[in-house]
Amino acid sequence: SGGTVTMAVATEPGTLFSMYSTDPAVSRIADHDVLEALTTLDPASGEPLPELAARWESDPGEGIVTFHLVRDARWHDGAPFTAEDVKFTFDQLLDPAGGAAQRGEFLDVREVTVVDPSTISVRLDRDRPELPTSLARVPILPQHVFGTEVVATHASSRAPIGTGPYRFASWKPGVRIELERNTAFRGEAPRCDKLVYRFVSNRRAALELFRSGGVDVVSDLGGVRVGEELSSRGRRISFPREAFVGVVYNTSNPIFSDAATRRALSLLLDRAAIRCSSLRCLAEEIFDPWPRSLARPAKLSRGTFDPLRARRLLESAGWRDKGDGVRERDGVRLAFRFLLADTDREAVSWVALFEADLAAAGIESSIASVGWGVYTDRLRAHRFDAAIVTTPNARPFDPRALYHSGAIAAQRNF
């Protein structure tokens with residue numbers, strides 16, 4: 001125990017409040033270490049465990065979940081943690097004007113009531129057994145810090161005050177964020193004195209820093225090859241990626257408005273080739289977007305790579321090649337751009353393969369690789385043609401937030 005662990009992260013976040021960001025670096029740095037949630041997840045089973053909630057129970061058929069809070073938690077500034085902080089956090093989460101990225105996941109919450117200083121009641125429009133699991137992704141915020149100020153842009157969003165085992169220590173823009181052990185933490189003391197997150201956007205550069213001792217941990221290697229000399233310097237841990245990667249088409253764009261065109265595009269996606277030529281056969285092919293925890297439809301129409309059938313569908317949808325190699329319909333060319341984050345190196349590789357098959361079928365495409373902030377802003381504003389999106393799917397979540405038409409206004413259904 002003791003000492004400092006330095007970890008490489010690919011992006012520098014704009015905030016440490018994951019409620020207002022979809023950047024995975026935010027939750028990795030702050031969630032559960034600095035800012036705790038009502039629950040946390042067992043890393044092996046994914047089952048919810050107590051964190052700021054000591055226990056909970058539900059009323060079947062009533063849509064009510066009651067959380068009994070820990071009584072000895074204190075904020076890093078010494079203030080006591082109470083149910084009012086939980087109520088405040090839910091108010092921010094559900095505020096339509098607040099800008100919370102996760103709001104769409106909790107549209108079924110109807111009322112949050114403070115029963116007493118250590119008890120909070122959540123009423124939903126239906127029973128939702130997975131609510132404690134979902135709340136592991138909602139860090140609780142300290143009401144007394146904000147007053148009437150806007151939470152999302154408050155100074156503490158870059159220097160958060162939490163209840164967790166680590167305290168925020170410093171943020172050197174463009175370089176690193178440092179956390180230090182919270183010596184007053186109510187639970188088991190963390191093993192490290194300090195955690196340092198160093199911003200390194202290039203994985204190869206991160207591995208060179210690992211070689212020289214500049215960082216101790218490099219994550220998300222994916223298909224990057226690591227030589228024997230580098231492997232001998234540390235331990236490589238492989239684990240399933242708890243997410244699926246897919247292509248989202250903006251159906252407000254006229255070229256994607258009909259199902260036949262979208263089906264044709266799916267038939268031109270050679271998943272098997274991408275899996276092994278770009279992802280070193282490490283990925284699993286999936287054909288539906290549901291979380292693994294949900295039962296799949298009995299009659300599942302599995303996608304296949306079928307360029308001939310794709311061409312027939314395009315023809316039936318009115319797309320014709322008039323001689324220049326690109327199909328048109330009503331004077332509109334079948335041409336679009338893929339939006340993706342510039343940190344997603346794997347996507348650049350496999351989308352290039354997809355583009356070659358699209359071009360062979362008379363479809364023109366290109367890649368718009370942008371910074372994470374621009375990427376998420378454009379997704380939420382629906383300012384894209386097609387986008388490469390990664391969504392966690394190993395643990396239970398409410399799919400309505402991603403796929404229901406009612407979630408479009410909440411900026412989660414892209």
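Colleague: Why does aspartate 258 count as buried?

Modeller: In this predicted model, aspartate 258 has a relative accessibility of 19%. The term buried applies under 20% relative accessible area, and therefore aspartate 258, at 19%, counts as buried.

Colleague: Where is aspartate 258 found, and how far apart in space are aspartate 258 and alanine 317?

Modeller: Aspartate 258 is in the loop between S12 and H7. From C-alpha to C-alpha, aspartate 258 and alanine 317 are 7.8 Å apart in space, while in sequence they are 59 residues apart.

Colleague: How many aromatic pairs does a search of the whole structure find?

Modeller: The search finds nine aromatic pairs. One of them joins tryptophan 56 and phenylalanine 67, whose ring centres are 6.1 Å apart and whose planes meet at 45°.

Colleague: What makes tryptophan 56 and phenylalanine 67 a pair, and why is the pair called tilted?

Modeller: Ring centres must lie within 6.5 Å, and here they are 6.1 Å apart.

Colleague: Which parts does the pair of tryptophan 56 and phenylalanine 67 tie together?

Modeller: Tryptophan 56 belongs to strand S4 (residues 53-59) and phenylalanine 67 to strand S5 (residues 64-69), so the pair ties together parts eleven residues apart in sequence. Tryptophan 56 also has phenylalanine 67 as its bridge partner in S5. Six bridges join S4 to S5, and the two strands run antiparallel. They form a hairpin with four residues between them, and glycine 61 in the turn has a positive phi of about 85°.

Colleague: Why is tryptophan 56 called partly exposed, and phenylalanine 67 buried?

Modeller: The relative accessible area of tryptophan 56 is 25%. Since buried means under 20% and exposed over 50%, a value in between is called partly exposed; tryptophan 56 is therefore partly exposed. Phenylalanine 67 has a relative accessible area of 0%, and so is buried.

Colleague: What makes the pair of phenylalanine 256 and phenylalanine 336 edge-to-face?

Modeller: The planes of phenylalanine 256 and phenylalanine 336 stand at 75°, with ring centres 5.2 Å apart. Edge-to-face requires planes over 60 degrees apart, so this pair qualifies. Phenylalanine 256 lies in the loop between strand S12 (243-249) and helix H7 (259-267), whereas phenylalanine 336 lies in strand S16 (residues 335-341), so the pair ties together parts 80 residues apart in sequence. Both phenylalanine 256 and phenylalanine 336 are buried.

Colleague: How do you know that the charged end of arginine 158 sits over the ring of tryptophan 171?

Modeller: The charged end of arginine 158 is 3.7 Å from the centre of that ring. The distance cut-off is 6 Å, with a further limit of 35 degrees from the ring normal; arginine 158 is classed as sitting over the ring of tryptophan 171.

Colleague: What is the order of the five strands that form an open sheet, and what is their pairing?

Modeller: The order is S8-S9-S10-S1-S11, and the pairing is mixed.

Colleague: What makes S8 and S11 edge strands?

Modeller: Strand S8 (166-172) and S11 each pair on one side only.

Colleague: How do you know that S1 pairs with S10 and with S11?

Modeller: A pairing needs at least two bridges. Strand S1 (residues 4-9) is joined to strand S10 (residues 194-199) by six, in parallel. In S10, threonine 4 stands opposite lysine 194, and valine 5 has leucine 195 as its bridge partner. Two bridges join S1 to strand S11 (residues 217-218), again in parallel, and alanine 8 stands opposite valine 218 there. Both pairings therefore meet the requirement of at least two bridges.

Colleague: Which residues lie nearest the centre of the second largest pocket?

Modeller: Gly14, Ser21, Trp372, Gly373 and Thr376 lie nearest its centre, among 14 lining residues. The second largest pocket has a volume of about 210 Å³. Helix H11 (residues 372-380) gives the most to its lining, with five residues. The lining residues comprise four nonpolar, six polar and four charged.

Terms used
Residues numbered from 1 in each chain as written. Predicted model: local features only at pLDDT ≥ 70, side-chain atom pairs only at ≥ 80, totals over all residues. Heavy atoms only, no water. 1 Å grid on protein atoms, 1.4 Å probe; cavity = no way out; pocket = protein on both sides within 12 Å on 5 of 7 lines; lining within 4 Å. Points joined across faces, edges and corners; volume = space filled by probe spheres on them. Nonpolar A, V, L, I, M, F, W, Y, C, P; charged D, E, K, R; others polar. Phe/Tyr/Trp six-rings, centres within 6.5 Å; stacked < 30°, edge-to-face > 60°. Buried < 20%, exposed > 50% of the residue type's maximum accessible area, 1.4 Å probe, protein only.
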